[in-house]
Amino acid sequence: MPLTQDEIKTIERILGRKPTQEELAMFEAQWSEHCSYKSSKLLLMWLPTKASHVIIGPGRDAGAIEAFPGIAIVFKIESHNHPSAVDPYNGAATGIGGIVRDILTLGAKPIALLDLLYLGNPKDHHANWLIRNIVKGISDYGNRIGVPTVAGDVWFDSSYNRQPLVNVACIGLVSKQKIVNDKPEPGDCIIIAGNDTGRDGLLGSSFASRPLSSDTDKDIGAVQVGNPLMEKLIIDFLIELVEEGVIKYIKDLGGGGLTTAISEVMADHNLGAEIHLDKLHLREDLTPIEILVSESQERMLLIVNENNLDRVKAILNKYEIPYSVIGRFDKSRRLRVFFKDELVADIPAKELAKPHVIRRMYRPPIEALKGLRDITIPLPRDMQQAFEMVLSSPNVASKRWIYEQYDYEVGIRTVIKPGQGDAAVLRLLDGTKRGIAIKGDANPRYTYLDPFRGAANSVAECFRNLVAVGSEPLAIVDELNAGNPEKPTHFWYFARMVKGIAWMCDELSIPVVGGKVSFYNENEYGQQVKPVATIVGVGKLVNIEKAKSMDFKEPGSYIVVVGITYPELGGSEYLHTVHGIDEGEIPIPRPVAELKCAKLLQKLMKHEALLSAHDVSVGGLATSIAEMSVQGMLGVDVDLSKAPIRTISRLDELMFSESQARYILEIHEGKLNLVLKETQDLGIEVGVLGKVVDNGKIIFRYLGKTIIDMDLQHVHEVYTKSLDKLMR
Amino acid sequence: MMYSIEVLITNRKNVRDPEGETIHKNLVLKHGYKNIVNVRAGKYLLFSVEAQNAENALELVKNLCLKLRIYNPIVHDIEVRLHD
Amino acid sequence: MTKIAVLKFPGTNCDLDVVHVLKTTTNLDAEVIWYQDFRARKFDAVVIPGGFSYGDWLRAGAIAAQTKAMGEIRVAIDMGLPVLGICNGFQILVEATLLPGALLSNECGYFVCKWVRLRVRRPRGPWLILLEEGQEIDMPIAHGKGRYYIDEDTYMKIASTSPTIEYVNENPNGSSFNLAGLASPNGLVLGLMPHPERSAEEELTPRGKIPGGIYIWKSIELSLKRGW
């Protein structure tokens, strides 16, 4: 985004003179929305970021929590929406590259990736092409760098037909004392290691800070191609260096290139620096401006004490990674940039790195009333057909087509694999039985209809998923994807989503250790896509052998629903798929109930009373039961009228309502009484719906009548193959 | 008449080509071929086309490759030629 | 102390996984050796693990197969050292013509990650000694270029002389004759696409599956102690 007149005046004031071309380019790259969060900083301060186990909160390239004594989990989320719209394969691939490098900056070993994709309708030709290539890009890059993609979230909606949202998250592991976070000091050397710098990706950050043009040729400068081989070498080399403790500080060269990376370090630590651009290893002849703002991929900035320089160079040489020593830090607090002995930029670092914030206005659009309406719909005559429609809907059906393209086992940590449970469970592989659970969640329909509640519900859903596999939720990161912040009716969604996340995190006592914002997700007509609050959460498990998957395991065991079902069909998958309506009041967030239910599950797991657990979310109660049945290939016979309800008067409300704070549990036959007692003690309502039966059927009854009687094999077919059919 | 039309797809000039770079650096140069200055990698497709004449065949294939996104014009260059 | 070299090329990913499995399920010592540092005479066996050496550029395993390290692998084989190639390791062995055939892109055109059932035929040699003829085991695959190609004549020869591992029930990539892996006639050099290091521990094995990898690791442990 080109600088405004006001911004240029400010720059002149800061420098006390007219800026050089190089200085202007640096300010433009740094101050563009993507890098500096001009519009969002104020609101993001709503988020709770502190807890005793938070080691590093928002502000660094990644956040870190102490999951177990001495063991840190580093994680972060990032978006690559605009590049993926133009070049889905490389856009998604370089998104993976970038997020992994962010994790590396703290010296952590990347051990898992998540992909959170908000894609168009597979039946639309262009959207289908985007979907295919986004998944292939993530697959080709993630697989090559040897980091397993273990979980994710996928949503299909026509508003993303041309503007997909590609959010990626990475989790890293490092021992607390090895976290790379030493204060850089005057005299420290600045090394750039990795790919040579080229003309690719000039002003990529600026590209992400404006709506996509209809003239795609104009967008070409901002598309980069990743080199996963270089990324893998960087991972290997950094892990070796971190082990030896010879590196002080690491930064990734991402948005804003060299300019952003150096100025951020300088501003954070009150330092100055002298940089010689001609020392940087280049792919081709570049002007100083191009060198300063190029966003060539797979480059890291390393800060090394002079005494360790030789050792660092030796390891770089072993892995055959190109590098250059381009300068040093000093006390001047100014960033002085030389090109062949000519001074081309001289800027006070603090001013460059921390510009003023803009207070954006917001107000709800008329469209927001959709989230307040009461919906009247006819009861489907054929409930079985309606049920099958929901199960085969791309938002519900198995995502096997996607996750089987990802190597989810490399690293041999993945205990609960994609499709098996509510979250991925990874063992630490440190000789103990300890592990972590990871999940990502969002619901564009919810955040579109009611951004506050919708975002709060996404936090709750992530929380439930972590609890269901047996982990204790520890922290989240969030990615907010919204429209044009200069338009008050778009910015309203962003503001409400932030507040929704902040509220639910406060209620659940979950800190937010990092996050990102992606604005300008709108088409050339200025219409925003459905805004999304993507939540990625991490939990800890003391014993991964006790982790719970969702597949039914034992014929004869009881199927129990925990939590109350209210008639909350607004924004539900059922309403969308069967009735074609995307309106209504979405389910009310229920933090108190969420905490109570989590306590219950934790207690029951301690007593070893649970065989399987699955939370209830998209598609409602009926869908959750069917999913557990299909995963375990064991049938069920349940009476839905046994479910605890409040004012439910229709069968579809019971089956498909997406009320929050509910789980389906498979309870061993002999443990039912124990379970009932615990639920009573905690004051939670439950219903014993029926049993797991090895009869090859899914049978639902209601008030004495059999309303669903389906062949399990058929349901399995429908559930697992629906997405395949749309994509192949 | 049947025409054989070759399609060569490579990355555009200012877009990285890690495959070509790796083959050049880790294979060709490592084995001492210092006078090989650069290597580009790409994809080769051969279309057998029923058409009135060669121009029509070339035109058809060119349009098809664009329409079906056999190459992505954002990042790829395409060369379409008659195979003899 | 018996020592196994686990070779690492630029882009190799599964080296640490193999070392972990060897160290926790056997009493063998194993070490990751950077390809430029590998010398056959220092070791008792070699594993070439999975991953994407050189990014799979040109062809999977093609660039690694031309390195000096492969010369050392040939020395190792001449010395009678057992050599195991897993996934990319198998691709490297095939590109280096140390095993016959070729590995091409999966027929379905996608990378596939899932558990498959395998059957072992004519098991013999250091890596397969604990398996029985026709034994069925499970292992996960994770590859985009696992379609094994071999012509009929060569296959006929192999089918009468060498150990092979075949996919059962389902051929996930279109391999000729359902081959997931094969060995030299004496079983000294074994290559396979599925991952034995991912199927050696119960806690990683999905319910209802038989962890097949453990047989390979226990076999080499036994063989290095007792001979084969």
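In this predicted model, 41 residues of chain A are in contact with 35 residues of chain C. The two chains bury about 2,900 Å² between them, and 53% of that area lies on carbon and sulfur atoms. On the chain A side, A:R144, A:L229 and A:I412 lose the most area to chain C, together accounting for 22% of what that side buries.

Polar contacts between chain A and chain C link 21 residue pairs. At least two residues each of the side of chain A that touches chain C come from α7, α9 (228-244) and β14 (414-416), with α9(A) giving the most, 5 residues. By residue class, this side of chain A holds 15 nonpolar, 8 polar and 18 charged residues.

Turning to the inside of chain A, the chain divides into domain 1 (19-353) and domain 2 (364-397 + 549-728), whose centres are 41 Å apart over C-alpha atoms. Here 9 residues of domain 1 are in contact with 9 residues of domain 2, and the two domains bury about 720 Å² between them, 63% of it on carbon and sulfur atoms. A:P122, A:W155 and A:F156 supply 60% of the area that domain 1 buries against domain 2, more than any other three residues. Between these domains of chain A there are 0 salt bridges and 3 residue pairs in polar contact. Both α7 (125-144) and β5 (149-156) supply at least two residues of the side of domain 1 that touches domain 2, a side made up of 5 nonpolar, 1 polar and 3 charged residues.

Methods. Residues numbered from 1 in each chain as written. Chains lettered and ligands numbered in written order. Predicted model: local features only at pLDDT ≥ 70, side-chain atom pairs only at ≥ 80, totals over all residues. Heavy atoms only, no water. Domains from an automatic or database assignment. Contact = heavy atoms within 4.5 Å. Buried area = accessible area lost by both parts, 1.4 Å probe. Salt bridge = Lys/Arg side-chain N within 4 Å of Asp/Glu carboxyl O. Polar contact = N/O pair within 3.5 Å; in protein donor to acceptor, adjacent residues only side chain to side chain. Helix = DSSP H or I, 4+ residues; strand = E, 2+ residues; numbered from the N terminus. Nonpolar A, V, L, I, M, F, W, Y, C, P; charged D, E, K, R; others polar.
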